[in-house]
Amino acid sequence: MREPSPALHLGRCYEAGNGVPQSDAEAARWYKLAADQGYAEAQYRLGLCYYHGKGVEANCSEAILWLKCAAAQGDSAAADFLRKLGVEP
């Protein structure tokens, strides 16, 4: 199993305001860093940021791209979300 990503952890902290001021923009920035490193959970969370426009400008195409990356690595939440959008994982 892969070591946890510090960038993913920081993204979660900023999203929740856990130990740092809550900031969707900072959360998205850290999720992007971890997503670029191939972390499926970060790809899923970044996809949600793009879908909901949290911390980034809403962009369905970008959301689907990241959700598909996460689903391809076995992230079931990403696959479920894609199916709800009518997109095959």
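At what angle do helix α1 and helix α2 pack, and how far apart are their axes? Before I answer, please keep in mind that this is a predicted model, in which local features need pLDDT of at least 70 and side-chain atom pairs count only at pLDDT 80 or more, while totals for chains, interfaces and linings use all residues. Residues are numbered from 1 along each chain as its sequence is written, and side-chain values use heavy atoms, with hydrogens and water left out.

Let me start with the helix pairs. Two packed helices are described by the angle between their axes and the distance between the axes. Here an axis is a line fitted to C-alpha atoms, for helices over the stretch in contact, and the angle runs from 0 to 180 degrees between N-to-C directions; the helices themselves are DSSP runs of H or I with at least four residues, strands being runs of E with at least two, and both are numbered from the N terminus.

To answer the opening question, α1, residues 6-16, and α2, residues 24-36, pack at an angle of about 165°, and their axes are 8 Å apart. That makes α1 roughly antiparallel to α2, on a scale where angles under 35 degrees count as roughly parallel, over 145 as roughly antiparallel, 65 to 115 as roughly perpendicular and the rest as oblique. The crossing of α1 past α2 is left-handed, a term used if the near helix is turned anticlockwise from the far one by less than a right angle, with right-handed used if it is clockwise. On the α1 side we find A7, L8, L10, G11, R12, Y14 and E15, which meet E26, A27, W30, Y31, L33 and A34 of α2, where contact means heavy atoms within 4.5 Å. Sorted by class, the contact of α1 with α2 has nine nonpolar, one polar and three charged residues, with Ala, Val, Leu, Ile, Met, Phe, Trp, Tyr, Cys and Pro counted as nonpolar, Asp, Glu, Lys and Arg as charged, and the others, Gly among them, as polar.

Turning to α2 and α3, we have an angle of about 140° and axes 8 Å apart. That makes α2 oblique to α3. The crossing of α2 past α3 is again described as left-handed, and the contact is made by A28, Y31, K32, A34 and A35 of α2 together with A42, Q43, R45, L46 and C49 of α3. By class, this contact of α2 with α3 has seven nonpolar, one polar and two charged residues.

The remaining pair to mention is α1 with α3, which pack at an angle of about 35° with their axes 10 Å apart, and here too α1 passes α3 in a left-handed crossing. The contributors are L8, R12 and E15 from α1 and E41, A42 and R45 from α3, so that, by class, the contact of α1 with α3 has two nonpolar, no polar and four charged residues.

Now to the aromatic rings. How many aromatic pairs does the structure hold? It holds one, where rings of Phe, Tyr and Trp (its six-membered ring) pair if their centres lie within 6.5 Å, and planes under 30 degrees apart count as stacked, over 60 as edge-to-face and the rest as tilted. The pair is formed by Y51 and F81 and is edge-to-face, at 5.1 Å centre to centre and with 85° between the planes. Because Y51 lies in helix α3, residues 40-52, and F81 in helix α5, residues 76-84, the pair ties together parts that are 30 residues apart in sequence. Y51, at 30% relative accessibility, counts as partly exposed, whereas F81, at 15%, counts as buried; buried means under 20% relative accessible area, exposed over 50%, and partly exposed in between, with a 1.4 Å probe and protein chains only.

I will finish with two single residues. V87 sits in the segment after α5 and, at 18% relative accessibility, counts as buried. Leaving aside neighbours within four places in sequence, V87 is in contact with I64, K68 and L82, and the C-alpha atoms of V87 and I64, which are 23 residues apart along the chain, are separated by 8.2 Å. D24, in turn, lies in helix α2 and counts as partly exposed at 24% relative accessibility. Not counting residues up to four places away in sequence, D24 touches K54 and G55, while D24 and D80, 56 residues apart in sequence, are 23 Å apart in space, C-alpha to C-alpha.
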